[in-house]
Amino acid sequence: MKTLMRYTRLYCSFDPQYRHFSVLANVKPQSPTLEDLVHVSARVAHVSSLHEMLQLFARTRVPMKGKACHAQVICVGLQADIITANMLVAMYAKCGLVDCARKVFDKMPERSLVSWNTMIGSLAQNGEEQEALSLFVEMQREGNSFSEFTVSSVLCACAAKCAMFECKQLHAFAIKAAMDFNVFVGTALLDVYAKCNLIKDAIWVFECMPEKSAVTWSSMVAGYVQNELYEEALVLFRKAQMMGLEQNQFTISSIICACASLAALIEGNQVHAVLCKTGLGSDIYVASSLINMYARCGCIQEAYIVFQGVEEKSIVLWNAVISGFGRHAHSLEVMILFEKMQQTGICPNKVTYIAVLSACSHMGLVEKGKKYFDLMTREHSLSPDVLHYSCMVDIFGRAGQIHEAYNLIKNMPFDATASIWGSLLSSCRVYRNLELAEVAAKQLFELEPHNAGNHVLLSNIYAANKKWEEVARARKLLNESEVKKERGKSWIGIKDKVHSFMVGERNHPKIAEIYSKLDNLIEELEKLDYKAETAHDLHHVEEGRKQELLRHHSEKLALTFGLMCLPSNVPIRIMKNLRICGDCHSFMKLTSSFTGREIIVRDTNRFHHFKNGYCSCGDFW
């Protein structure tokens, strides 16, 4: 602050009669007097101070003082000086005033390479990607020279727009200019390819680069994560560690996201240890990624510990922890955190309300959901978007208020998305509403023609209502189409290896022992009145066959293997790619009581914490 005040006093003392100092070059050579030398020296000192102030105001993002400095530039006649004009463009760009930067740029009588690079870079960084591309074309038409910074800036603009065609043109341009192996250009190229879902091209660029910076490695890791190649991201991260490369917050955030998506708790713990060593744990985005990772791995208490450890909590952190508790069906904690956040002076945003409404939907809290939906507009002046309406449809549907959900869909100010119709269809399956199920399914077949799950869901609704002819027709339609049904799969991490299972699994090396252990467990549970709930098997087969199919569901096999391999004091964590069925849900509750083990199952909808014969969802999922 003292530095700012010192510079403020300095530029206020400028003499408005000073002329453009570059005119000194046009003065005819003559013997200068001592007075002339002192005067010129004073001018140069003032110009130097002016440049220092422009750089300072650019670093500190102080646009008002920057504009005052611009006024002094005009007073002393420096507006035509290339160096000064470049500094003005940079100052305005860093302060987010791109229009002002462009005005200075357009009025420059002469531009250097730095001028073009600064202006193109500022446009790309401030969301004016199309303008950046157009300016680059103009630069080429005028025959101006360019550098690797010019090309990398334009590539960044292409990445923001996912402009694949322009990206490939620029790649060819870089090859022609012998810049494709430059570390800046190469990094920008792989980044834009990854963001355009051309991950093979990104990998090719990465592998061909003779020199790679820490940013290059970070971009490649992020590229894998963006394209859902999480295991590849972990492998590359491990390779970077072995090479001793310095990790930054962007790499760490990306790799934590990979761990969250894979529910790889062991690897997540290891990354957390790296964070503690590097001191990056205080970064808001890294901390929020860590909270999300622990929540998605079933460790909500660890997620809350991370949240508590951050001194200055932003809206991003609050949203992460609220979403985490909502995912684990801790609706009371969600509401308490929602109030605490506001008590700290932070107002909820749209993301917060999505988390709160989702928590209400998972617990069937219809009235609470209506209250929060109304609170958005009434108290916080937030306009609900399609995601908030989707949550409300889910709230009504899960509570059995199918017609209320359908009426909301018809009256909302948006076209219903596939997610909204899918939510209604799922609710129709639970409450066996054939009429609205067919309406929702028809919409889904148009919106998602290649999603086999919609056909399967409709078929299951017919089966639950004993409409076997419709079941046969739905399944025939599915078989005739090119879409493929996703098979149910469950997986469990034991030490450093992930074991996956499918219904009727035969390939696991210990499958015979698993089946034997499962049979023994079922015999013991039958003594506690466990009976397979065959209503949850929707195949048109005999009762005995239904019991056999239910007996070997993938989550039961994963649970049995966990009981065999994990210590008694360690929770058994199972991940599943589909919704857990009612029979398996009852089985997990009884097993948790019989064995005294905590069982955590993550399905496509939520987390289920089974303990002492109860589930955290309260049998509402």
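This is a predicted model: local features need pLDDT of at least 70, side-chain atom pairs count only at pLDDT 80 or more; totals for chains, interfaces and linings use all residues.
**Figure 1. The whole protein in outline.** The secondary structure comes to 31 helices and six strands. Helices (H or I, at least four residues) and strands (E, at least two) are DSSP runs, numbered from the N terminus. Of the 621 residues, 48% are buried. Buried means under 20% relative accessible area, exposed means over 50%, and partly exposed lies in between (1.4 Å probe, protein chains only). Among contacts with a separation of 6 or more, 63% join residues 24 or more positions apart. Contact means heavy atoms within 4.5 Å.

**Figure 2. Helices α11 and α12.** View of α11 (residues 199–208) and α12 (residues 214–226). Their axes come within 11 Å and cross at roughly 160°. That makes α11 roughly antiparallel to α12. Axes are lines fitted to C-alpha atoms, for helices over the stretch in contact, and angles run from 0 to 180 degrees between N-to-C directions. Angles under 35 degrees count as roughly parallel, over 145 as roughly antiparallel, 65 to 115 as roughly perpendicular and the rest as oblique. α11 passes α12 in a left-handed crossing. A crossing is left-handed if the near helix is turned anticlockwise from the far one by less than a right angle, and right-handed if clockwise. From α11, Ile199, Ala202, Ile203 and Phe206 take part. They meet Thr216, Trp217, Met220, Gly223 and Tyr224 of α12. By class, this contact has seven nonpolar, two polar and no charged residues. Ala, Val, Leu, Ile, Met, Phe, Trp, Tyr, Cys and Pro count as nonpolar, Asp, Glu, Lys and Arg as charged, and the others, Gly among them, as polar.

**Figure 3. Helices α13 and α14.** The axes of α13 and α14 (residues 249–262) come within 9 Å and cross at roughly 135°. The two helices are therefore oblique to each other. On the α13 side are Tyr230, Glu231, Ala233, Leu234 and Phe237. On the α14 side are Thr251, Ile252, Ile255, Ala258, Cys259, Ser261 and Leu262. The contact has nine nonpolar, two polar and one charged residues.

**Figure 4. Two loop residues with positive phi.** Most residues other than glycine have a negative phi. Glu228 has a phi near 60°. Glu228 sits in the loop between α12 and α13 (230–242). Its relative accessible area is 59%, so Glu228 is exposed. Ala329 has a phi near 65°. Ala329 lies in the loop between α18 (315–327) and α19 (331–343). With a relative accessible area of 8%, Ala329 is buried.

**Figure 5. Helix α6 and Ala124.** α6 (residues 113–125) contains Ala124. The helix has 13 residues and reaches 18 Å from its first C-alpha to its last, close to the 18 Å expected at 1.5 Å a residue. The expected span is 1.5 Å times one less than the number of residues. The buried residues of α6 are Ser115, Trp116, Asn117, Met119, Ile120, Gly121, Ser122, Leu123 and Ala124. Ala124 has 14% relative accessibility. Leaving aside neighbours within four places in sequence, Ala124 is in contact with Glu129, Ala132, Ser153 and Ala157. Ala124 and Ser153 are 29 residues apart along the chain, yet their C-alpha atoms are separated by 6.7 Å. Gly127 follows α6 with a positive phi, near 80°.

**Figure 6. Helix α24 and its cover.** The 14 residues of α24 (residues 418–431) should span 20 Å at 1.5 Å a residue, and the end C-alpha atoms are 20 Å apart, which agrees. Buried here are Ala418, Ile420, Trp421, Gly422, Ser423, Leu424, Leu425, Ser427 and Cys428. Their cover includes α22 (386–398), α23 (402–411), α25 (434–447) and α26 (452–464). Just after α24, Arg432 takes a positive phi of about 55°.

**Figure 7. Helix α31.** α31 (residues 582–595) is mostly covered. Ten of its 14 residues are buried, including Cys584, His585, Phe587 and Met588. Gly596 follows α31 with a positive phi, near 70°.

Terms used:
Residues are numbered from 1 along each chain as its sequence is written. Side-chain values use heavy atoms; hydrogens and water are left out.
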